[in-house]
Amino acid sequence: MFDKQQRKFKRSAKLISVLSKYGFKDLLARMNVGNKQVEISANPEEIVSKGTVYERIRLALEELGPTFVKLGQSFSNREDLLPPELIQELQKLQDKVDKVEMNVAEILENEFNIVVSEHFSDIQSEPLATASIAQVYKASLTDGTEIILKIKKPDVQPVIEDDLLLLKDIEKLISSYSEIGDKLNLKQAISTFEKSLLEEVSLINEKENILQFRRNFKNSRESYVPAVYEEFSNNNILCMEFIDGIKVTDKTKLLANSISPVTVSETGLRLFVSQILDYGFFHADPHAGNILVKKDGKVVFIDFGAVGKIPPNDKEILENLIVSFVAKNPHKIVRYLKKMAISYQIPDERRFEGDVEDILDFVHSTSLKEIDPHAVMNKMKDVLKDNRLYMPDYFYLLFKGIGLIEGVGRTINPDLDIVKSLHPYTKKIFTKKISPQNLFKAGMDKVMNFTDNVDEIPKELRSVLQKLDENKFTVSSEIKNIEKTNQLIKSSIINLILAMILGANIIATAIVFVSESGPRIGEMSMIAVLGFIFSILLVVIILLRITRK
């Protein structure tokens, strides 16, 4: 515990020193760490006063290290929260990391209690790649299989944990002295970032992500997911198959291997859309460095530390959003966006719907090849921001991912049509919506909702009905013809219940009518015929009751 406090104290000192250096001394001149007050001033000669405040924020984040760089990167697509000038600076953030010397063989021996020479025939001493969290080495198993060893850097976990504690302190400080914290929903944003970063730093989590992608695309003819060697994988090491692939944007090598860049661009985009709509589990950082092409033309996504996960209910809402977008229905789009949102405070519903309609008019009036997806997404983000809709994190990851994958595709295929790539999926969604199975499920849901609504009749109404039946219904004020009033209330309730039964029966009859099961009269379902007759009977009864009264 004492060691943890000491580490936090040192990181606090570093934080305040850097903020002072870049002109933010007043923001965090004092910070409580445990029971100590930290006061640190930067050397006047080192103070950076040049550049805008947003440039200095970026420089400070870069100097503070990987946790803060990743924080800035995670907020670089949150136009709904931050000003455009700051967004532009955050998008320039790069992981500036130095290589760390590692004795890979020794690390493997300590982690897995093995004799390395019995399992590995070769391990390269120089890393293939260095990132803020881990370094990647190429190696070979004793059977000649080429593999990749991703090894977490020493001490990276405690540094990240200390930085996350600091970020929470900063959030509390900002929220205490300013309304900005509540306005930007900083507490929720920091909590989400913490969850995301801890998942990314966990190599066990990355291993599980890879295994999930392998299950999802095991029968794919267009994609390949690297194999994982679980016996040499844990929270600090990830052992996986080496992919001898071509960088997706290297048109020269693609053509040299008789691979069409146009086909690759369309396949990559189609696979990403499939990740979203078929599985609700997608790569959250599909930039050019994370996509390879095998010599047989299969597209390979790598680096699965960051993924997006769409809950099943939200996946259905997302499908409905796409259908409403294609059908150019702004009212339903607004409805589904509100369903998907974590929270919203819409000042003007009509204006919101009008903003969405403007986007639809822009898209549908522009040639498909001339549509700039980035412009459309930016317009949509502006609409969400103006109407105070706070969407779940995967929603912003979707925007970021679509922008990245579309940019990669356009690099090798300037004529890439993102809308065209969605057509097979919109047809698939439409087909699913009108399938007998889906209609039956929808009908059963409505019947169950009807049953639940009947069961959940408010206690007050039940009390009224009971009092009516017992002739104990009284009103505190004087009402003439109370007996007729009681009869009218009873009659209205009965009519309402009959109408609800009629609605449920019509839905059930429609479902049975489109299905091919059960006894039939010629080409008609006997049950559907009986349901139709019963519906007519109910309509006649309701009409007679209404006209009689």
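This is a predicted model: local features need pLDDT of at least 70, side-chain atom pairs count only at pLDDT 80 or more; totals for chains, interfaces and linings use all residues.
Author: A charge sits over a ring if NZ of Lys or CZ of Arg is within 6 Å of the ring centre and within 35 degrees of the ring normal. Residues are numbered from 1 along each chain as its sequence is written, and side-chain values use heavy atoms, leaving out hydrogens and water.

Reader: At what distance from the ring centre of Phe-362 does Lys-379 lie?

Author: Lys-138 lies over the face of Phe-242, at 4.2 Å from the ring centre. Lys-379 lies over the face of Phe-362, and its distance from the ring centre is 5.1 Å.

Reader: How many contacts does the stretch of residues 30-42 have beyond near neighbours in sequence?

Author: The mean pLDDT of the protein is 79, and 75% of its residues reach 70 or more. Over residues 30-42 the pLDDT is below 50. Beyond near neighbours in sequence, the number of contacts (heavy atoms within 4.5 Å) of this stretch in the model is 36.

Reader: Is the pair of Phe-213 and Phe-217 stacked or edge-to-face?

Author: Rings of Phe, Tyr and Trp (its six-membered ring) pair if their centres lie within 6.5 Å; planes under 30 degrees apart count as stacked, over 60 as edge-to-face and the rest as tilted. The ring centres of Phe-213 and Phe-217 are 6.5 Å apart and their planes stand at 10 degrees, so the pair is stacked.

Reader: How many residues apart are Phe-213 and Phe-281?

Author: Phe-213 and Phe-281 form a tilted aromatic pair, 5.0 Å centre to centre and with 50 degrees between the planes. Phe-213 belongs to helix H9 (residues 203-216) and Phe-281 to strand E9 (residues 281-283); helices (H or I, at least four residues) and strands (E, at least two) are DSSP runs, numbered from the N terminus. The pair thus links distant parts of the chain, and the separation in residues is 68.

Reader: Does Lys-21, which meets Glu-63 in a salt bridge, count as buried or exposed?

Author: The salt bridge (a side-chain nitrogen of Lys or Arg within 4 Å of a carboxyl oxygen of Asp or Glu) between Lys-21 and Glu-63 has an N to O distance of 3.1 Å. Buried means under 20% relative accessible area, exposed over 50%, and partly exposed in between (1.4 Å probe, protein chains only). Glu-63, at 29%, is partly exposed. Lys-21, at 19% relative accessibility, counts as buried.

Note on methods: pLDDT is the predictor's confidence in each residue, from 0 to 100.
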